[in-house]
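Thanks for coming. I will go through one chain, beginning with a single residue and ending with the overall dimensions.

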Amino acid sequence: MEEHTPAYVTVSNMLTDISQLEPFDVAGFDADHTLVKYNVKALTKMIDKIYMRVITEDCEGYPKDIADLYDEELINFSFNGATLDMNTGLLVKISEDKKVIAAYRGFTKLPDTEIEEIYGKDRIFNEEYSVWHYRSLDKGYLGFHSYFDCPVISLCAKLFDLKTQGKIDKTNEEIFNDIRTCIIKSYVHYDAEKCYKIADYGYFFTEIINDTEKYIQRREDFREMLIKLREAGKKVFIATNSHAEYTNLIMTRSIGDDWRSLVDFTASHCGKPIFFKEIHGTRKFFRCDYESVNLKGKECDVDDLEETHTYLEGNCKDLEEYFKKLIDKDEINFAFFGDHFITDAAISDLHKNWKGVAIMEELNHEQVEQTDESQLVGYEKYWGSFFGGEINGEWHKNAWVKFAEEHTSYVLPLLGDLKKLLDK
Ligand SMILES: [Mg+2]
């Protein structure tokens with residue numbers, strides 16, 4: 001196991017006092033992995049099993065016993081922020097200066113000599129690499145971020161391992177298309193025309209519905225936090241890319257079946273990052289209507305928006321106008337919390353009256369004093385610290401950590417820490 005120095009397990013912009021967010025009138029939250037805390041180990045194991053099923057049932061050319069070929073322990077390989085080099089099929093961890101800190105072919109770690117043979121003496125992954133564009137198929141790489149995305153990393157390792165062993169005859173591109181099939185068959189239960197009931201789509205949602213308590217934590221502290229924010233005169237909203245039915249399921253489990261009464265606005269299927277980029281108010285909110293095949297009901301202007309409904313799509317500027325009316329102020333300020341460094345924290349932070357706060361659970365996970373809340377897989381065994389790694393004896397910070405420091409206002413280890421700051 002690679003050693004890491006706890007002193008590195010930190011960020012320069014940690015939120016340590018609630019006053020750092022002031023003045024803010026409105027607090028917004030992402031749902032999945034933010035207001036809704038999953039047991040990441042159980043979740044990763046479950047998604048891994050689903051991928052094995054999809055790869056044998058919906059994709060061609062894979063050994064039917066693929067699930068038996070790999071140890072269950074390999075879910076620990078799922079490292080937040082790993083990148084797939086489409087040209088070589090290698091999975092890599094990249095530093096803030098674009099260097100390859102670690103590289104894997106399947107589950108086999110490459111020695112330094114081989115990394116330097118492939119990427120050159122200076123180990124530069126790709127001169128054009130940037131976290132902002134972490135999925136750049138045109139440049140030949142695909143990054144993974146968020147705990148839904150992470151299980152794809154062990155899936156990639158399995159498929160490229162089979163290729164290295166000569167057990168499958170596929171091009172890298174064909175493998176990538178199969179990976180995409182796994183993702184679509186698991187989560188994408190809607191298109192422009194139709195939104196399927198989650199119970200009728202794929203295997204992922206059925207698992208969550210059947211055993212919600214196994215995968216999602218009930219969080220009284222999050223509930224109290226929402227109440228406390230509103231008692232302090234703040235308005236509260238949710239902006240999630242999850243669709244309306246799933247939003248209701250996970251929020252009900254996390255907060256309680258009266259969760260709607262604790263928020264002032266709910267935007268589901270809101271399509272971040274577009275939600276935060278659309279600044280001319282042309283991407284309207286639609287009232288969620290379960291009678292409609294694609295759940296899109298009435299198209300709404302700001303004056304039509306109400307706190308009692310769930311809305312789909314929309315944009316942050318209409319949301320701002322809605323809250324200006326509600327609060328009766330011409331200038332208002334937002335704090336937005338989310339686990340996705342880019343599509344939650346950095347994108348919202350681009351607006352001058354918004355402060356984006358990134359949840360970085362690895363901070364908690366790698367602290368010496370572990371808490372019960374640490375539910376992440378044991379990725380350190382394969383990848384070392386999330387915060388960086390050594391190249392020729394010199395420490396290099398992980399590109400994702402540097403990104404969160406540079407492009408978000410603040411970082412929090414867990415959303416529960418916000419509750420603690422409010423209680424201080
Ligand atoms: Mg999220």
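Helices (H or I, at least four residues) and strands (E, at least two) are DSSP runs, numbered from the N terminus. This is a predicted model: local features need pLDDT of at least 70, side-chain atom pairs count only at pLDDT 80 or more, and totals for chains, interfaces and linings use all residues. Residues are numbered from 1 along each chain as its sequence is written.

Start with Tyr-379, in the loop between helix H13 (361–366) and helix H14 (380–383). A residue is buried if 20 or more other C-beta atoms, placed from the backbone, lie within 10 Å of its own. Tyr-379 has 25 within 10 Å, so Tyr-379 is buried. Contact requires C-beta atoms, placed from the backbone, within 7 Å. Setting aside neighbours within four places in sequence, Tyr-379 is in contact with Asn-76, Ser-78 and Phe-79.

Next, a sheet. Two strands pair if DSSP finds at least two bridges between them. Six strands make an open sheet with antiparallel pairing, in the order S5-S4-S3-S2-S7-S6. Strands S5 (108–109) and S6 (135–136) are at the edges with a single partner strand each, so one side of each has no neighbour in the sheet. S6 is joined to S7 (residues 141–143) by two bridges, antiparallel. Arg-135 is opposite Leu-142 in S7.

Now the whole protein chain. It has 16 helices and 17 strands. Of its 424 residues, 47% are buried. The C-alpha atoms fill a box of roughly 65 × 45 × 40 Å, along the principal axes.

Definitions and conventions: A residue is buried if 20 or more other C-beta atoms lie within 10 Å of its own, exposed if 12 or fewer, and partly exposed in between; C-beta atoms are placed from the backbone. Two residues are in contact if their C-beta atoms, placed from the backbone, lie within 7 Å.
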